[in-house]
Amino acid sequence: MIRREAGLKMLKKLIHESPADQTEALLLTEDSSLARFTPTAIHQHVAERNWTLILRVALGKRIAVVTTNILQPSSLKTLMQKAISLAKNQPPNESFVSLPEPKPIPEINTFFNNIRRLTPMRKVKTIQEILSLVKEKGFSASGAFSHGEVELIVVNSLGVEAYQKFSDLFLHLIVQNGKGSGYASFISRDLDQLQIEPWVKTAVTKAQGGSPVQVEPGEYEVILEPEAVRELMVFLGYLGFHALAVQEGRSFFCNEFGKKMVHEKVTIYDDGLDPQGLQVPFDFEGVPKQKVIFFEGGVAKNVTYDSLTAGKEGRESTGHGLIPPNTEGPIPINLFMQGGDSHLEEMIRSVRRGIYVTRFHYTNVVEPMKTVITGMTRDGTFWIEEGEIKNPVKNLRFTESVLKALSRVKAVSQGRKICSSGSVYGRRFINGTVAPAIQADGFNFSGVSSL
Amino acid sequence: MKDLVENILNLARLKKVDYADVRIVRRQKEEIAVKNGEMEALTWDEDFGFGIRVLFQGAWGFACSSKVDKKEREKTFHRAWKISREGSRIQPKKISFPHAPPVVARYQTPISVNPFRVSPETKLKLLLEADAVIRRNKKVKISEAFLGAYQTEKTFASTEGSFVEQGIVECGAGISATVIEGGEIQVQSYPNSFRGNFATQGYEWVEELKIGSHGERIAEEAVQLLSAKPCPSGITTLILDGSQLALQVHESIGHPIELDRILGTEASYAGTSFLKPKRVDDFQFGSEKVNIVADATFPGGLGTSGFDDEGVKAQRVPIISRGKLVNLLTSRETAFLLGKESNGTMRADGWNRLPLIRMTNINLEPGEWTLEQMITGTEEGLFLSTNRSWSIDDQRINFQFGTEVGWEIKAGKLGGMVKNPTYTGITPQFWNSCDAVANRDHWQMWGTPNCGKGEPGQVAHVGHGTAPARFRNVRVGVK
């Protein structure tokens, strides 16, 4: 960890020495660890320390981004020269107006010291406890247990100075019974929130159902657990909840603002400051996070902006800039779906014939404007009959429009869960989505996984 | 570099580890993206660090750092050693790691033109010109051109005495045209979707692609797709072009043959496999037309190198011969469990990741047909080209793909264009329905630079040599 004063000092020095018209320096530090286990071994247990500096310079409207993790003073000087030389020899990006101006950043705590108690031995013992609890039930388990400390520091030549330290903790568990599997996941910034026994029980319960039966593809009423709802929300975020998708005319929101697009029970928003989520006070441009509502009572409302997309429309960023150079747009990373007034048990009781889905796997876009996606169910798919979960079913493929599915929502659970895939490709910055369970009619399953 | 790794390995020897290796990796990349005639992104990235893998009393530990000074090296070694020591105290089953004779070698990707010696201005000019050709078609809403160059210098050394240095150079480029009308998006790309085609070659590869001369065609085809008929639904004969077949090979053959997936160590993330070790030499994966090799030696393949990240020499290994499964992708540890030797597929995504079993170049060997013969011999069917979407279950059984474009085949002739084509199937059924593979004239390498696996996530660059192939009784137009 570089800590606030030293980090800000280093970046301010860089900015001060920059000959560019505007300069932004972003530093991400990481100290993390991850252990993966199977029933017989902790087959991977890794630890990483890394610092990454991302420098964005603007000569007028000519922008270049350079990145390094070699942070000696001589390297930084060379890096700045590289950035300037790249920026000089390129055409202007007419869309660029300016890097963001400074704004007050909310003070929130995103770091819990207790994760430092997670020594290798403590993690190994926790995994041992998980494996024992699963073995007691006659099942086997695979999973991963990761924690990390991350610092995000952003300074720019217009006066932005932002520092935040984050802790994160992520576990997931797959319990196998030789015929099917169950799943549980946990994500938090606070180690004290972790209660192993009930958490393991969630996955064990799902694996207790015996041999899965085959259900023919077709349209079914479904109950989607929060993990599955998260997947639908994340795809909406990627495909259309942000300004770049709207400006390029490829968002499902185009020409639909103010119109009812999904069921009135559906309210979806992004809020980096909501303590129920994984809070993040500012974005990767140092702009404070604003709450942005996408669907309110089913009606299309707003999208997220970063400085580039905001500049195009003469408005201000909503605090959704991602790590530069971001060519995907200001995709929201703190999604929430508002809870409803139903309980999961009631929702199950109201289903005559339907399918209960724990989570989806390997989902991808089929038709972007119609939000048609396809993917598989995984680790706990069940047949519901006459209001009761009867038996596990073989994994099903769905091919469905997310907007259509959200138009057919019959109930939304009061209870919500923070969900995350926990994937860390490249730089560690764990996000969470807060989702309820939903009940929806006519969800299209197009295939079944069976040899 | 030798002193640096020896310092770490001596620490390991003092602790009497079963085995340890060190990798020091420096990577550079330069990427240029142009969109609608403007610079979208010009980035230069360097990444440097080291990772230490320790096996102590039958348990693994790995630690890494981006600071390469003496103090940090010692600290990082102790971190890795401590992790393995703590793990060994509870490890129910001790890990056996077979000894291998030391390897001392140097490998360098053969290239004609170093892509990092070509100025950004030259690259940018190429992209802007290609982009301008696409934008001549006024119906194109988004024109894009991309060029990337990548360079990796890595040193591997182990307590067994191995010392292997490698320099890998990769580059690639591509263009795409997107049209949007009436709530519909259609895209056409060249030479492949998702930013282009990539190879372990120098800048000569980018020049060979001639991206500028394909802009007009892809723009026109993207516009034509708007008025094309929707892909019909039903069971039909399918001919896949090489680029789509590359991803089909990747997802439904490349991943299920990874022995770590088969043994369950990817169960918590990417998934497992419908295959079992005992199915080797006893499973008809595909028809007799299907011959697959894992070839890390193929010149220019995106999965080509001299050695893997355990110091095992690059190899060409048959995987499926006349449809029968004959081998799997293995590491030293997993091959040992089967009484075999590693076929050299352990690769890590940089200094800060542990090596995993990864595809190298998983190639479908050419057949004897011409594409024209395959089409002529098809009474009714579809010819699909260029991937648009992909999905497959966690055991690699049920897949669904979408492509950018398709054409009907009627009475042995290519007919009208179809849009939003999709197809789905069950892996062994699909490969057993293959009745023709095109010949070497149609065969080429495709680079897949975005293969995700592992926790923490790792992205591998892998290759697939393919020629178009024909499959019978495939479900298309998935609804």
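Guide: One term before we start: domain bounds come from an automatic or database domain assignment. This is a predicted model, in which local features need pLDDT of at least 70, side-chain atom pairs count only at pLDDT 80 or more, and totals for chains, interfaces and linings use all residues. Residues are numbered from 1 along each chain as its sequence is written, while chains are lettered from A and ligands numbered from 1 in the order in which they are written.

Visitor: What domains does the assignment give for chain A?
Guide: Domain 1 covers 4–206 and domain 2 covers 218–448. Their centres, taken over C-alpha atoms, are 23 Å apart.

Visitor: How many residues does each domain of chain A put into the contact?
Guide: Domain 1 of chain A puts in 41 and domain 2 of chain A 33. Residues are in contact if their C-beta atoms, placed from the backbone, lie within 7 Å.

Visitor: Which strand has the largest share on the domain 1 side?
Guide: Strand 5 of chain A, with 6 residues. Strands (E, at least two residues) and helices (H or I, at least four) are DSSP runs, numbered from the N terminus. By class, that side of domain 1 has 20 nonpolar, 14 polar and 7 charged residues. Nonpolar means Ala, Val, Leu, Ile, Met, Phe, Trp, Tyr, Cys and Pro; charged means Asp, Glu, Lys and Arg; the others, Gly among them, are polar.

Visitor: Which strands are joined by 3 bridges, and do they run parallel or antiparallel?
Guide: Strand 3 (residues 62–68) of chain A and strand 2 (residues 38–56) of chain B; they run parallel. Pairing takes at least two DSSP bridges between two strands. T67(A) is opposite D45(B) in strand 2 of chain B.

Visitor: Backbone next. Where are the cis peptide bonds you have for chain B?
Guide: One joins Y190(B) and P191(B), with omega about -10°. Another joins E455(B) and P456(B), also with omega about -10°. P456(B) is in the loop between strand 22 (444–453) and strand 23 (458–466) of chain B.

Visitor: What about phi at K16(B)?
Guide: Near 55°, a positive value in a residue other than glycine. Most residues other than glycine have a negative phi.

Visitor: Is K16(B) buried or exposed?
Guide: Exposed, with 8 other C-beta atoms within 10 Å of K16(B). The cut-offs are 20 or more such atoms for buried, 12 or fewer for exposed, and partly exposed in between, with C-beta atoms placed from the backbone.

Methods
Contact = placed C-beta atoms within 7 Å.
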